[in-house]
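Colleague: I have the viewer open and would like to go through this one with you. Could you take my questions as they come?

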Amino acid sequence: MELTGIKQAQVDEGVPLKICLSQFCKWIHKIQQQKNIIFATGVSEPSTSEVKSCAFVTWSDWDLGVCLEYECKRKQLLKPVFLNSWIDLRATYKLFYRRKPKGLSGALQEVGIEFSGREHSGLDDSRNTALLAWKMIRDGCVMKITRSLNKVVPKGIHAVPKLSHQQKNNPSLFMKKSLHHLIAPQ
């Protein structure tokens with residue numbers, strides 16, 4: 001409770017992982033149709049001018065590569081394949097800026113952004129990760145898939161858009177465009 005701010009009552013009232021994944025998949029499917037996007041799955045999928053590739057952005061491989069992977073196996077649930085490839089912003093930050101970040105908050109501070117909200121709150125961490133990704137893109141970083149649990153990782157998948165002048169100067173537009181860092185259409 002001290003780390004995340006999540007109270008036991010919230011956990012007790014939460015939905016089981018199976019239902020959560022089902023609801024999440026429906027939500028993602030709706031977004032895919034609305035935005036005409038596909039998720040990189042580790043298998044080469046050509047982008048067209050009509051359909052754009054995208055990927056999840058995380059701060060480390062822990063959430064998708066360890067925690068969700070383990071829980072799905074433990075509960076014998078089929079993990080959606082689109083959650084098997086992602087961009088680890090921590091690793092990308094380290095390579096791009098050539099320095100090891102001291103956590104998400106430290107990385108933000110190093111590029112001149114103040115962490116907003118509560119550290120380790122999923123929503124606040126997501127918003128701050130989006131702000132950092134936006135800053136890195138503005139600094140010239142090209143985001144690519146860094147980890148895939150699938151057998152083949154496609155070469156050259158980019159997970160961030162080329163930003164308009166308006167988006168470059170307004171992070172909230174970038175965050176809306178990237179759905180609070182869950183996806184980043186090319």
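Colleague: Let's start with Cys141: is it buried or exposed?

Modeller: Bear in mind that this is a predicted model. In it, Cys141 has a relative accessible area of 6%, and because buried means under 20%, Cys141 counts as buried.

Colleague: And where does Cys141 lie?

Modeller: Cys141 lies in the loop between helix 6 and strand 5, the latter being residues 147-148. Cys141 and Leu95 are 46 residues apart in sequence, and their C-alpha atoms are 9.7 Å apart in space.

Colleague: Stepping back, how many helices and strands are there in the chain?

Modeller: The chain has eight helices and five strands, and read along the sequence they follow the pattern α-α-β-β-β-α-β-α-α-α-β-α-α. Of the 186 residues in the chain, 41% are buried.

Colleague: Now pockets. What is the volume of the largest pocket?

Modeller: The largest pocket has a volume of about 1,700 Å³. Its lining is made up of 38 residues, and those that lie nearest the centre of the pocket are Asp63, Ser121, Gly122, Leu123 and Ser126.

Colleague: Which element gives the largest share of that lining?

Modeller: That is helix 3, with six residues. Among the other elements that give two or more residues to the lining are helix 2 (17-35) and helix 6 (122-138).

Colleague: And how do the lining residues divide into nonpolar, polar and charged?

Modeller: The lining of the largest pocket has 20 nonpolar residues, 13 polar ones and five charged ones.

Colleague: Last one, about backbone angles: what is phi of Asn36?

Modeller: Phi of Asn36 is near 55°, which is a positive value in a residue other than glycine. Asn36 is in the loop between helix 2 and strand 1, and at 35% relative accessibility Asn36 counts as partly exposed. Ser60, also not a glycine, has a positive phi of about 95°; Ser60 lies in the loop between strand 3 and helix 3 and counts as buried, at 9% relative accessibility.

Key. Residues are numbered from 1 along each chain as its sequence is written. This is a predicted model: local features need pLDDT of at least 70, side-chain atom pairs count only at pLDDT 80 or more; totals for chains, interfaces and linings use all residues. Side-chain values use heavy atoms; hydrogens and water are left out. On a 1 Å grid over the protein atoms alone, a cavity is a set of points where a 1.4 Å probe fits but cannot get out, and a pocket is an open set with protein on both sides within 12 Å along at least five of seven lines; lining residues have an atom within 4 Å of a point. Grid points are joined across faces, edges and corners, and a volume is the space filled by probe spheres set on the points. Helices (H or I, at least four residues) and strands (E, at least two) are DSSP runs, numbered from the N terminus. Ala, Val, Leu, Ile, Met, Phe, Trp, Tyr, Cys and Pro count as nonpolar, Asp, Glu, Lys and Arg as charged, and the others, Gly among them, as polar. Buried means under 20% relative accessible area, exposed over 50%, partly exposed in between (1.4 Å probe, protein chains only).
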